[in-house]
Amino acid sequence: MTTPETERDEDAVRRYVESLGLVMSQIGMQRMSARVFAALMTTDSGQLTAAELAEQLSVSPAAISGAVRYLDQIGLVTKVREPGERRDHYRLYDDLWYATFLKRDRFLIMWRDAATEGIGALGEDTPAGKRLAEMRDFLAFMLVEVNNLYDRWHELRKNRD
């Protein structure tokens, strides 16, 4: 959806979607999910239907289905249904980066707790137990620092807006 104020070179946008998708896949995201994420990021509304995504990316609806399921699992998109519509829309979260990293926060907690459990099973003084203790301590440190970063980010956004 473009208006006269937001006209853009659609070929340049398509190239950028592929470029961003490639970068995201190079850092570990599944290729199709990376392309879908890039398409949503470059849409002014931040949301598209599966059919719109399939058309824009020249892929099958089945490819879109798997990609959005993965993006939903990792906390980058959500499925919404507009009033009166029969089709689902896939939308980026409003505070996307905060929501995504907050979900990672829960993963860090689980990872730290698993390390703590392993220390108990292996023994604190064994080489493996010491490695797990180092992992636990690093993850505990990261949890504190990430929460401080969240606070700083919200303060920065508040001052910027």
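**Close-up views of a predicted model**

**View 1. The second largest pocket and its lining.** Helix H5 (residues 96–122) contributes four residues to the lining of the second largest pocket, the most of any element. Helices (H or I, at least four residues) and strands (E, at least two) are DSSP runs numbered from the N terminus. The model is predicted, so local features need pLDDT of at least 70 and side-chain atom pairs pLDDT 80 or more, while totals for chains, interfaces and linings use all residues. Residues are numbered from 1 along each chain as its sequence is written, and side-chain values use heavy atoms, without hydrogens and water. The lining includes Met24, Ile27, Tyr70, Trp97, Phe101 and Arg104. By class it has eight nonpolar, two polar and one charged residues (Ala, Val, Leu, Ile, Met, Phe, Trp, Tyr, Cys and Pro count as nonpolar; Asp, Glu, Lys and Arg as charged; the others, Gly among them, as polar). A pocket is an open set of points on a 1 Å grid over the protein atoms alone, where a 1.4 Å probe fits, with protein on both sides within 12 Å along at least five of seven lines; lining residues have an atom within 4 Å of a point. The space in this pocket is about 220 Å³, a volume filled by probe spheres set on points joined across faces, edges and corners.

View 2. Eight of the 11 residues of H2 (residues 31–41) are buried, that is, under 20% relative accessible area with a 1.4 Å probe, protein chains only. Among them are Arg35, Val36, Phe37 and Leu40. In the largest nonpolar core, of 26 residues, Met29, Val36, Phe37, Leu53, Ile64, Leu71 and Leu76 touch the most other members. H2 supplies the largest share of this core, six residues. Such a core joins buried Ala, Val, Leu, Ile, Met, Phe, Trp, Tyr and Cys residues through side-chain atoms within 4.5 Å. Beyond four places in sequence, Val36 is in contact (heavy atoms within 4.5 Å) with Leu53, Leu57, Ile64, Ala67, Val68 and Leu71.

View 3. Strand S2 (residues 77–81) pairs with S3 in the antiparallel sense over five bridges; pairing requires at least two DSSP bridges. Lys79 stands opposite Tyr90 in S3. Six residues lie between the two strands of the hairpin, and Gly84 in the turn has a positive phi of about 80°.

**View 4. Gln47 in strand S1.** Gln47 belongs to S1 (residues 47–49). Gln47 counts as buried because its relative accessibility is 16%. Leaving out residues up to four places away in sequence, Gln47 touches Leu40, Val80, Glu82, His89, Tyr90 and Arg91.

Technical notes. Buried < 20%, exposed > 50% of the residue type's maximum accessible area, 1.4 Å probe, protein only.
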